[in-house]
Amino acid sequence: KENEHVVRVIDSKRANNGGITLARIKLSYSEIAGAIKNFDQNAMSTEQIRGIINFIPTNKEKTALRDYLVKNDSTTLCECEKFMVVMLGIKHAKRKLSVIQFMQSFPSLVEKLRQDARLVQKACDEIISSARFRKVLGIILSLWNRLNGDKKPAKAITTHLLLKLHQVKASFDRKRTFLQFVVRSIRRYRASLVLFKEDMPSLQKVEKTQWSMVLSELDRLEKGLDEVRKISLQHSSKSDVINKTLPLAREVQLLQATSVGRFTLDACLRVAVLVDEIDKAREKFDLLFQYFEEKAALHPDEIFSTICEFERNFDSALNEVIHQDSCKVCPEKNNCGHYVFTSRISPIMMYKK
């Protein structure tokens, strides 16, 4: 007896994979179709939508299924093909599923980008407003110019120079780096300044935030919302294509008529607020570039990573200086030249209250 449910039209491997995916969704195919038509965000999870979107029939499969159904009953098709037959009755099924995915991910993505933008703003403010950091930079500039003698004096400490300080050797002591000399001077005369990074608690967090990714995600968000808007207008006007630009009042009227349209209007407002936050972050970046008097074009990510790296280099130099100052020469006169660290307190913790 011939198997009633065999693959009749589509590729057998594709049919098998589709059957497995569809079996995990505890909804009938008509219920799935209803959820897609109504842009129901709660009917299926993002993972389930990601699975079934791959089994929306292609144009070739649509033609083959329609030709098959002219002389045959759909009950003889396999499960994946039955699902595809139901999807034949939905215009733009794949685009609508993508819209539902976008609607599901929209709130969390907007919130993440908003937090990233505000973190950038906060980090920039902390750097610029830190009196201790400014004084550390001033000491570095003063000592750098003094030790460079007749060379043209630097007018400001650039981010490029900050990264060189732990590599450059002090001219009067080739065993020490310039940064170690700076740290020793600060520790001796302005000890409270060694903890300048306490003024910038957001810096370590913002180092993990890639500004280029924030802008890329914003661009993706705006393009995705524009696609939702187009689908929403088509859905509201019952038309496949809107050939002309609608007056704003008419467009708003159409969007207010459906749930997906109302989502679109609300999302546009939220994205506008997000763009404002990102513009504020850009302004803060400009102020930070001016703070360092940077002439070369720097990527925003670079300036944060540079300052974080300077903090780590400064702490390393501080540890080494404290280690040396808290040690004594080995009592054995074996010319080993080794030092013994006598304090059990962490060097950095020595400055904590």
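The chain averages a pLDDT of 85, and 86% of the residues score at least 70; pLDDT is the predictor's confidence in each residue, from 0 to 100. Over residues 328–353 the pLDDT is below 50, and beyond near neighbours in sequence this stretch has 35 contacts in the model, a contact being heavy atoms within 4.5 Å. Where pLDDT is low, the predicted coordinates should not be read in detail. This is a predicted model, in which local features need pLDDT of at least 70 and side-chain atom pairs count only at pLDDT 80 or more, while totals for chains, interfaces and linings use all residues. Residues are numbered from 1 along each chain as its sequence is written, and side-chain values use heavy atoms, with hydrogens and water left out.

The chain has 14 helices and 4 strands. These are DSSP runs numbered from the N terminus: helices are H or I with at least four residues, and strands are E with at least two. Of the 353 residues in the chain, 42% are buried. Buried means under 20% relative accessible area, exposed means over 50%, and partly exposed lies in between (1.4 Å probe, protein chains only). Among contacts between residues at least 6 apart in sequence, 75% join residues at least 24 apart.

The largest nonpolar core holds 95 residues, and those touching the most other members are Ile127, Phe133, Phe292, Phe304 and Phe310. Such a core is a set of buried Ala, Val, Leu, Ile, Met, Phe, Trp, Tyr and Cys residues joined through side-chain atoms within 4.5 Å. Helix 6 supplies the largest share of this core, 16 residues. In soluble globular proteins, nonpolar side chains tend to be buried together. Leaving aside residues up to four places away in sequence, Ile127 touches Phe133, Met200, Leu203, Leu288, Tyr291, Phe292, Phe304 and Ile307.

Helix 6 (residues 93–129) also packs against helix 11 (residues 211–237), at an angle of about 145° and with the axes 9 Å apart. The axes are lines fitted to C-alpha atoms over the stretch in contact, and angles run from 0 to 180 degrees between N-to-C directions. The crossing of helix 6 and helix 11 is left-handed, that is, the near helix is turned anticlockwise from the far one by less than a right angle. By class, the contact of helix 6 with helix 11 has 15 nonpolar, 2 polar and 7 charged residues. Here Ala, Val, Leu, Ile, Met, Phe, Trp, Tyr, Cys and Pro count as nonpolar, Asp, Glu, Lys and Arg as charged, and the others, Gly among them, as polar.

Ser130 lies in the loop between helix 6 and helix 7 (131–147). Ser130 is buried, at a relative accessible area of 3%. Apart from residues up to four places away in sequence, Ser130 touches Phe196, Asp199 and Met200. Met200 is also among the residues that Ile127 touches.

In the loop between helix 5 and helix 6 sits His92, a non-glycine residue with a positive phi of about 55°. His92 is partly exposed, at 31% relative accessibility. Phe39, in the loop between helix 2 (29–37) and helix 3 (46–52), likewise has a positive phi of about 55° without being a glycine. Phe39 is buried, with a relative accessible area of 4%.

Helix 5 (residues 79–87) contains Cys80, which is buried with a relative accessible area of 0%. Cys80 and Asn16 are 64 residues apart in sequence and 7.5 Å apart in space, C-alpha to C-alpha. Among the residues that Cys80 touches are Ile10, Arg14, Ala15, Gly18 and Phe55.
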